[in-house]
Amino acid sequence: MDYEQIKQRVEELNKLLHQYAYHYYSLDDPLVPDSEYDKLFKELEALEKEYPELKKESSPTMRVGGEIISELEPVTHRTPMLSLDNVFNRDELSAFVNRTATGLGKNEEDIEYCAELKLDGLALSIIYENGILVRAATRGDGKIGEMVTAQVKTIGNIPLVLQGENIPTYLEVRGEVFMLHKDFDALNEYARVHKTKIFANPRNAAAGSLRQKDPKITAKRGLTFNCYFVIECEGVPLPETHYERLLLARSWGLPINPLIKVGKGVNFLQNYHDDILTKRDSLPYDIDGVVFKVNNIKSQQELGFISRSPKFAIAHKFPAQEELTKLLAVDFQVGRTGVVTPVARLEPVRISGVLVSNATLHNKDEIKRLGAKIGDVVSVRRAGDVIPQIVRVIEERRDGSECEILFPVICPVCGSPLEQIPEEAAIRCPGGLSCKAQLIESINHYVSRDAMDIRGLGDTIVNALIRANIVKSINDIYHIDEATLASLILSDIPQNEEKELVLEDETLVKSVTKKKVRTLGKVNAKKIIASRDNNLNPPLNKLIFALGIRDVGVSTAFSLAKKFASIDLLMNASIAELMSVDDIGIVSSEHIYNFFKDEHNKAVIADLLRPLSEGGCGISPKTLVQNEVRDSIFEGKTIVLTGTLSKDRSEVKELLQNLGAKVTGSVSKATDIVIAGANAGSKLQKATTYGITIMDEDKLIEELAKLNIPL
Ligand code: 5U1
């Protein structure tokens, strides 16, 4: 290629890569596979390295981050970046609606609002000149922000070059930069392993990542942007409503949130607030409220501003997800595999509607990192369905009475000396099943739904069985008779007391008399025994999962059952054979191998499998026949998972892959099935448009059940 041809090729690669990014992020409809994008990206990188003068400021290669900056440069915003006034309840919301109507001289019901999410990140201004991203700045004090252009260019869903029709000569948009929970978790997991800074919440992580002086670091952090306002636009006439302006921005490739709605009246606004509040925990990012804006731009201008916020918009805030409370004590819990976990006992505090009195402290390293002491005032965060966490200690609130948290050296349950596992932060009790805590957890795991599914045998009864020395190992469950179980259930209830009784099936019986309890005990015992005896032929994968082998979760158990036709073959498998199973590495193979070589485990399994006629437990697992697996409707299909599923998405993905499916991230014409969980958004919409088969979670469970795979 001569220089002219090289120049042309660089132009062409720029154009193609921008177009591919637009189709991938904005249209959710990739034009080419990721491998093709990567190939062209590398080609452009190589050409730019050889001919640096051909590298444009808007080149897709800017996504990986440019030079390190010594200071973030101050920038004056052409239009100040405002903040929003807040309301916290319906009365305050009604007052806002009323004020707005009075201000506009209209009826409340006639004013249209655009309802949006209040994303918990940081505000950003982006300017495009002739479609090219030329400047991005943080809010700063509203008048002067910090230039973060190079950092913002690394954010995948922000177009470096606007796409579509009628590109303006000048455009300034505002929006929020935030971090998805998955990116936040990955960042903190990395920080834990590499002992670098752990962020308290996704907002801090987003701010810390955007304000990096080295844009290459920003590039690795996984930030996301949603546009929420078109501030200035030249060269293209703008529509008259805020919502239509957002749609226009979207047509140029700027991402907007899919949950935006338009409507009228205070009831619409309150319902939107309530609806989003119920969805809050299942969203893949943090929000701290909703925002309502008068939709008509002329009306917005008519209403004007008060000090630093517009009169046409309001934020309806949600309860905070972080609150201060006192760390009263630390208990140490022993899990199924013997890992000892410190659990913080807190002065009960209400966090986003839930009373929190415990929080996990993970391990010794985490306590050290937090520098927590008993008696400290701590900030506790509860977001989504994640276990509450202590995110920081408020050292300024110390009064000297706080005391160190001492880690036990012997197991708090069985007294065995605890072991520090080399290379791991975890401390473990080596007691195995002779440790009551591990025994309880093993039994609870064995009887759980994904395992042997023995209904009614909950925590309380398992505890009582172990305390009474009736159950010392999982096989003992099969040697209990109904009368023993019934008497045990009865004996656990105080004799002359009327009280509320929560049954194992979670029904609440009020003021139960002694007589009634006696009957309930018998009924429960009958149900438990029936459930146990009806489950003597579980699918092999369920039995493997139930054994509680380290590293063997639902999907690994399934892979093992697919590979080894019987428990005998699995028990005799070599480490090399185990490693040939999908996603099983050397460490997991060793755990599995060692589990089956252990004499105690061998004896327990032998008793589980021994026929009833010979005094055994009579378990005879059903083999996973290869044909069954091949006949699955997922074999060879391209599947997209979207929305919130009740099971971990990566586990579902793995399961489907095990069934021969290809699981991809975005919906295209090549997609065969979209599995839509709760609150599925644009991908579901797109699947409907393309006429792709849509399956909800219940249908997925039903299909997997046909293959004897629990979800
Ligand atoms: N969704 C949304 N969040 N938010 C924050 N819209 C929105 N608008 C804002 C702010 C500070 O200010 C506008 C008035 C530009």
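Q: Is strand 17 buried or exposed?
A: This is a predicted model. In it, five of the five residues of strand 17 (residues 377–381) are buried, so the strand is largely enclosed by the rest of the structure.

Q: Which way do its residues point?
A: V377, S379 and R381 point one way from strand 17. V378 and V380 point the other way, and all are buried.

Q: Which strand is joined to strand 17 by five bridges?
A: That is strand 14 (residues 322–334), and the two run antiparallel.

Q: And which residue is the bridge partner of K326?
A: V377, in strand 17.

Q: How many bridges pair strand 17 with strand 18?
A: Four, again in the antiparallel sense. Strand 18 covers residues 389–393. There, Q389 is the bridge partner of R381.

Q: New topic: pockets. How much space lies in the second largest pocket?
A: About 980 Å³.

Q: What lines it?
A: The second largest pocket has 42 lining residues. M81, L82, S83, L84 and Y228 lie nearest its centre. Elements that give two or more residues to the lining include strand 3 (112–119), strand 8 (224–234) and helix 10 (297–303).

Q: Which element gives the most?
A: Strand 8, with five residues.

Q: Now the surface. Which residues make the nonpolar patch of about 250 Å²?
A: M579, I586 and V587 make that patch.

Q: Where does M579 lie?
A: In helix 19 (residues 575–579).

Q: Why is M579 called partly exposed?
A: Because its relative accessible area is 38%. Partly exposed falls between buried, under 20%, and exposed, over 50%.

Terms used
Residues are numbered from 1 along each chain as its sequence is written. This is a predicted model: local features need pLDDT of at least 70, side-chain atom pairs count only at pLDDT 80 or more; totals for chains, interfaces and linings use all residues. Side-chain values use heavy atoms; hydrogens and water are left out. Patches are made of residues with over 30% relative accessible area and no salt bridge: like charges are joined within 9 Å, nonpolar side chains (Val, Leu, Ile, Met, Phe, Trp, Tyr) within 5 Å. Accessible areas come from the Shrake-Rupley method with a 1.4 Å probe; for residues, only the protein chains shown count as cover. A salt bridge is a side-chain nitrogen of Lys or Arg within 4 Å of a carboxyl oxygen of Asp or Glu. Buried means under 20% relative accessible area, exposed over 50%, partly exposed in between (1.4 Å probe, protein chains only). Two strands pair if DSSP finds at least two bridges between them. On a 1 Å grid over the protein atoms alone, a cavity is a set of points where a 1.4 Å probe fits but cannot get out, and a pocket is an open set with protein on both sides within 12 Å along at least five of seven lines; lining residues have an atom within 4 Å of a point. Grid points are joined across faces, edges and corners, and a volume is the space filled by probe spheres set on the points.
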